[in-house]
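Colleague: Could you walk me through this one? I'd like the criteria along with the answers.

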Amino acid sequence: MECCGPGYASPADAIAAPREKLLYTIAIYTGTGIQKPDYLATIDADPDSATYSQVIHRLEMPGIGDELHHMGWNACSSCHDDASMSRKYLILPGVRSNNLHIVDTATDPRAPRLHKVIDGNEIKAKADLSGPHTVHCLGSEIIISFLGNARGEAPGGYLHMNKDFEIIGRWENSMGDIKFGYDFWYQPRHNVMVSSEWAAPNTFMPGFDLEEVGHLKYGRELHFWDFEKRQPIESFYLGEDGLVPLEVKFHHNPDSTHGFCGAALSTNVIHWWRDDAGESSGESSGKWRWEKIIDVENQPHPDWPIPVPGVMSAILISMDDKYLYLNNWLHGDMRQYDISDPHNPKLTGQVWMGGLLGKAPVVNDVEMAGGPQMFQLSLDGRRLYVTTSLFSTWDNQFYPEIRQKGGVMVMIDCDPENGGMSINPDFMVNFGNEPNGPSRCHEMRYPGGDCTSDIWL
């Protein structure tokens, strides 16, 4: 499974795929005080290997100060039947530099190489965009959400590229009344895309200021798009239940209209669905609805003037659509919910690592700085890899000790049959011990595809 074709015919095929032997994670020096390039780290995930849970390769970017953040594949299961496509390239955007780094992972999966770089100034000139974030395969093409215009002002938009990584222009025909951009996910059988909101690059890059939430400089809406017309058709104002709605995920089942969003500052999970949609037939009738289904309470802290919010910065749905995983970056816990009934989730697992509440400051003999932030689930649902860095300026603000300690990656063993989670005692990647000094790790991808990138037509 170190390299494969464009994707899987169905989620069931993905679940049955061989165990991952490698995974890639973004590692950054931007914002750490170390003047070195950010890089893509290759992790040995094969338990039978002599280098298990070690960084076995580092691909440095050409420049300094990119702030690599999220990444995505050039191809996924949405182009399963296209023999000309393969899951060969990872696109690594630099949020600060606006550069797009195209990385070849197929020639040698253990030692990826840089294929080309699309200069951020070219993107600004051709599409008036900055602050790249989410990358999704669009059949044989690619779309990337950008959080701002060329001046760093919201709402940004979507960059459209062809399979040769040539800029076509803006993907959307209209941004409507959308105020901010962030994540997005599309479900082509229902002609729908859902997008969420963070803030303008000029707002979030310097750090977090709570007063700016009250001044409406952070988002609190979800947007539903006509995917074929490439324009928003309906927005939901989430209010206090949906402060800073970040990651959005649909069910993997392409017939389903159910999806979920994690509202970071409210520390809530929002569930959406379409009434009378005909789950099995793919009918497009009915109205979109939303509800709050999970609410994580703020916790008191002796050094804080207000109770500490969890800051749910990411969510993930297992490939079989049975479990939802979420993080509380400031509290320090990862949670597993059974969402077999998406209207009534049940907490089935919880582990602690890092965080401000002091419940697990040491994991596998490593003193942790930061809390659970990004995570990626194995296709069979049994291994959840978790990293600890959110964004450089936010890391420095809430976890200043991360400058000296760096980030870590841990693995959580998950029970997909009965529910339950436990930290694996034999897996620990300590980015505090990197050759150029402590770095921080963020999003992860598997060479064979993963639970947060593949979309089925």
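Modeller: Buried means under 20% relative accessible area, exposed over 50%, and partly exposed in between, with a 1.4 Å probe and protein chains only. This is a predicted model, where local features need pLDDT of at least 70, side-chain atom pairs count only at pLDDT 80 or more, and totals for chains, interfaces and linings use all residues. Residues are numbered from 1 along each chain as its sequence is written, and side-chain values use heavy atoms, with hydrogens and water left out.

Colleague: Is aspartate 104 buried or exposed?

Modeller: Aspartate 104 is found in strand S6, residues 100–104. Strands (E, at least two residues) are DSSP runs, as are helices (H or I, at least four), numbered from the N terminus. The relative accessible area of aspartate 104 is 7%, so this residue is buried.

Colleague: Which backbone nitrogen lies 2.9 Å from a polar atom of the side chain of aspartate 104?

Modeller: Start with what surrounds the residue: aspartate 104 touches Lys88, Tyr89, Pro112, Arg113 and His115, not counting residues up to four places away in sequence. Contact here means heavy atoms within 4.5 Å. The nitrogen at 2.9 Å from the aspartate 104 side chain belongs to alanine 106.

Colleague: What order do the strands take in the open sheet that holds S13 and S14?

Modeller: Two strands pair if DSSP finds at least two bridges between them. S13 (residues 192–195) and S14 (residues 221–226) run antiparallel and are joined by four bridges, with methionine 193 opposite tryptophan 225. The sheet has four strands with antiparallel pairing, in the order S12-S13-S14-S15.

Colleague: Why is one side of S12 and of S15 left without a neighbour in the sheet?

Modeller: In the order S12-S13-S14-S15, strand S12 (184–187) and strand S15 (231–237) stand at the edges, so one side of each is left without a neighbour, as each has a single partner strand.

Colleague: What is the plane angle in the aromatic pair of tyrosine 158 and tryptophan 225?

Modeller: Rings of Phe, Tyr and Trp (its six-membered ring) pair if their centres lie within 6.5 Å; planes under 30 degrees apart count as stacked, over 60 as edge-to-face and the rest as tilted. That rule gives 28 aromatic pairs. One of them is tyrosine 29 with tyrosine 39, a tilted pair at 5.8 Å centre to centre and 40 degrees. Tyrosine 158 and tryptophan 225 are edge-to-face, 5.4 Å centre to centre, with planes at 85 degrees.

Colleague: How many residues apart are tyrosine 158 and tryptophan 225?

Modeller: Both tyrosine 158 and tryptophan 225 are buried. Their pair links distant parts of the chain, with tyrosine 158 in strand S10 (residues 157–161), tryptophan 225 in strand S14, and a separation of 67 residues.

Colleague: What is the relative accessibility of asparagine 98?

Modeller: Asparagine 98 has a positive phi of about 70 degrees although it is not a glycine. This residue lies in the loop between strand S5 (89–93) and S6. Asparagine 98 counts as buried, because its relative accessibility is 4%.

Conventions. A polar contact is a pair of N or O atoms within 3.5 Å; within protein, one must be able to donate a hydrogen and the other to accept it, and residues adjacent in sequence count only if both atoms are side-chain atoms.
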